[in-house]
Amino acid sequence: MAHIEVEVRGEISKEKFDELTSLFTRDGKFVERKERVLIDYSSLLPEQGIEGRTLDIRLRSTNGNAEIVVKKGSWGGSDARVESIARLAEGEFSSAVHAFALMGYTQGMVCHVINNVFEYKDIEFVLREQGPYFVVEAELLATDQAGADIARTRLEEVCTALGIELFDDTAFYAFIEKVNTEVNNVYDFEKDGADYFRKRFNI
């Protein structure tokens with residue numbers, strides 16, 4: 001069932017990352033560590049890209065579990081988007097890459113991140129490691145726009161109390177451009193083939 005995923009996020013220092021890890025572990029609950037590899041197809045679609053994106057099309061593997069993820073709505077420093085996830089059978093990532101290519105999605109941005117997931121004050125917090133960079137993301141779910149507005153206000157209030165400086169859209173887009181240039185890489189089905197991810201990431 002689709003729902004509205006309300007998220008706010010910001011870049012943090014390694015010191016702040018460690019501080020929040022200690023706080024969430026002590027006063028909240030550690031949920032899990034997620035190693036995630038994903039193809040962000042929307043980054044290289046002429047009608048989507050980074051700024052102004054309203055459709056997020058991704059194929060991802062989290063701890064070896066593959067999923068197709070589609071999110072609809074404006075993408076920015078904070079957002080509230082309708083999300084739908086379709087889980088794939090074990091070992092089907094390369095087949096899904098091939099299927100996407102047959103539908104015309106032959107290029108995407110490859111991202112490899114470590115997400116440390118916590119629950120704190122009934123909010124899901126993710127402390128993300130992406131190359132040399134660190135990001136905190138806070139998320140609540142809603143079922144309608146009124147609920148999404150309430151959730152966004154609460155996320156912003158809790159993050160402010162924690163001393164987290166959240167991205168505005170301009171800062172967020174600049175950060176994505178930075179990690180795409182310095183950390184991520186472009187995948188091209190015609191050059192790299194469907195087996196690229198099995199060979200590189202064993203998925």
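1. Throughout this note, a residue is called buried when its relative accessible area is under 20%, exposed when it is over 50%, and partly exposed in between, with a 1.4 Å probe and protein chains only. By that definition Glu139, with a relative accessible area of 15%, is buried. The structure is a predicted model, in which local features need pLDDT of at least 70 and side-chain atom pairs count only at pLDDT 80 or more, whereas totals for chains, interfaces and linings use all residues. Residues are numbered from 1 along each chain as its sequence is written, and side-chain values use heavy atoms, with hydrogens and water left out.

2. Glu139 is located in strand S8, where helices (H or I, at least four residues) and strands (E, at least two) are DSSP runs numbered from the N terminus. Apart from neighbours within four places in sequence, Glu139 is in contact (heavy atoms within 4.5 Å) with Glu5, Val6, Glu7, Ile123, Glu124 and Leu155. Its C-alpha atom is separated by 8.5 Å from that of Ala151, 12 residues apart along the chain.

3. Leu162, when residues up to four places away in sequence are not counted, touches Lys16, Leu23, Phe24, Tyr120 and Phe125.

4. Within H1, Lys16, Phe17, Leu20, Leu23 and Phe24 are buried. These residues cover an arc of only 135 degrees around the axis, which puts them on the same side of H1; the arc is that of the directions from the helix axis to the C-beta atoms. Glu15 and Arg26 are exposed on the other side of H1, while the cover over the buried residues includes S1, strand S2 (29-40), S6, S7 and S8.

5. There are 19 aromatic pairs in the structure, a pair being rings of Phe, Tyr and Trp (its six-membered ring) with centres within 6.5 Å, counted as stacked if the planes are under 30 degrees apart, edge-to-face if over 60, and tilted for the rest. The ring centres of Phe93 and Phe197 are 5.3 Å apart and the planes stand at 65 degrees, so this pair is edge-to-face. Because Phe93 lies in helix H2 (residues 93-102) and Phe197 in helix H6 (residues 196-201), the pair ties together parts that are 104 residues apart in sequence. Both Phe93 and Phe197 are buried.

6. Tyr133 and Phe175 also form an edge-to-face aromatic pair, 6.0 Å centre to centre with 80 degrees between the planes. This pair links distant parts of the chain, with Tyr133 in strand S8 and Phe175 in helix H4 (residues 169-182), 42 residues apart.
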